[in-house]
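Visitor: I would like to learn how to read a protein model step by step. Could we look at it together?

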Amino acid sequence: MRISLTAFVLASAPVAAHAQSIFGPGVISTPDSGEAFGSLTPDGKEFYFTIHRPDFSRHRIVVSRLTSAGWSAPQTLSISGAYNDREPKLSPDGKRLYFSSNRPVAAADTTRRRDLDLWFSDRRSDGSWAPPTHIEGVNGPTNDFSPSVTASGVLYFISKRSGGIGQDSLPYNVWRAEPIDLVAGRWKPPANAGAAINAGFETNVYVTPNESMMLVSRDGAPDSFGGDDIYLSRCAGGAWQPMKHLRAPINSKQYDYGPLIAPDGRSLFVTSHRTGNGDIYRFSIDLLENRGHQRGRTP
């Protein structure tokens, strides 16, 4: 399961363990709230995220670009804006953008659907994004969202479908699907990620490109500080280990979700409401305790 990725090697320069900050203050994270779910290109020069003001049920995917003057004003992608497009997540090579949406599956259908499905868009040679493709064979009759794809094409996501683990009849769980034809966008039927990962509270998932670490947000778990909190699992011997609750300052008494590790391995990004507004925070990767490896190696 372990894949060596030079883009994911941790930088050798020391980072203060207490380092944390609001990301892109005034541009990406703004006082009027509404920003969530970040994803960075491998070169760190484009940041994709969503804005949902004034309606939380209507996210749109935007991009901010790093310039000599700092991060640029976010621009809505041409493929987004009409429907509830959420949790944009780039493939490790930056050439495909995965997301969830309630957009119609059939082109002739103009009815806004209630449940979310998984979609992807491929980056064209000119840098634009192709019309989104609905992921067939993975989406179910209920909500499927928060996609995260490894370097080998394994797709992780959150789903409310039969076969889940938890007290509800259809609990939200992390699911995993192996690729059949990644270029065409075909995966095997998904399997539940298992009891070490799932308790029925799962709301977002991120998996490192080498499939060695998973970060999950849970809503209302018994050991949470309040709202959604972030949890961590590592893969050992081909199996995911039981989830561990992350301590402050990564988690707070408010909602903390949408985890992401930057491609260079230096930072953890989390969407948080700790100041009363939904903003994107960046933390030092060193705050992930008991890393289980030496600095300079992939997590």
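Visitor: Which strands each supply at least two residues of the lining of the largest cavity?

Guide: Before the answer, note that this is a predicted model, in which local features need pLDDT of at least 70 and side-chain atom pairs count only at pLDDT 80 or more, while totals for chains, interfaces and linings use all residues. Residues are numbered from 1 along each chain as its sequence is written, and side-chain values use heavy atoms, with hydrogens and water left out. A strand is a DSSP run of E with at least two residues, numbered from the N terminus. A cavity is a set of points, on a 1 Å grid over the protein atoms alone, where a 1.4 Å probe fits but cannot get out, and its lining residues have an atom within 4 Å of a point. Here the strands are β2 (35-40), β7 (85-90), β17 (202-207) and β22 (256-261).

Visitor: How much space lies in the largest cavity, and which residues line it?

Guide: A volume is the space filled by probe spheres set on the points, which are joined across faces, edges and corners. The largest cavity holds about 60 Å³ of space, and the structure has one cavity of 30 Å³ or more. Among the lining residues are Phe-37, Glu-87, Lys-89, Ser-146 and Val-205.

Visitor: Is β17 mostly covered or mostly open?

Guide: Buried means under 20% relative accessible area, computed with a 1.4 Å probe on protein chains only. By that rule β17 is mostly covered, since six of its six residues are buried.

Visitor: How many bridges join β17 to β18?

Guide: Two strands pair if DSSP finds at least two bridges between them. For β17 and β18, which run antiparallel, there are five bridges, and Val-207 stands opposite Met-214 in β18. The two strands form a hairpin with five residues between them, and Glu-211 in the turn has a positive phi of about 60 degrees.

Visitor: In what order do the four strands of the open sheet stand?

Guide: The order is β11-β12-β13-β16, with antiparallel pairing. The strands β11 (144-149) and β16 (191-192) stand at the edges with a single partner strand each, so one side of each is left without a neighbour in the sheet. Two bridges join β13 (residues 172-177) to β16, where Arg-176 stands opposite Ala-191.

Visitor: With which residues is Phe-269 in contact?

Guide: Contact means heavy atoms within 4.5 Å. Leaving aside neighbours within four places in sequence, the contacts of Phe-269 include Phe-23, Phe-47, Pro-259 and Tyr-281.

Definitions and conventions:
On a 1 Å grid over the protein atoms alone, a cavity is a set of points where a 1.4 Å probe fits but cannot get out, and a pocket is an open set with protein on both sides within 12 Å along at least five of seven lines; lining residues have an atom within 4 Å of a point. Buried means under 20% relative accessible area, exposed over 50%, partly exposed in between (1.4 Å probe, protein chains only).
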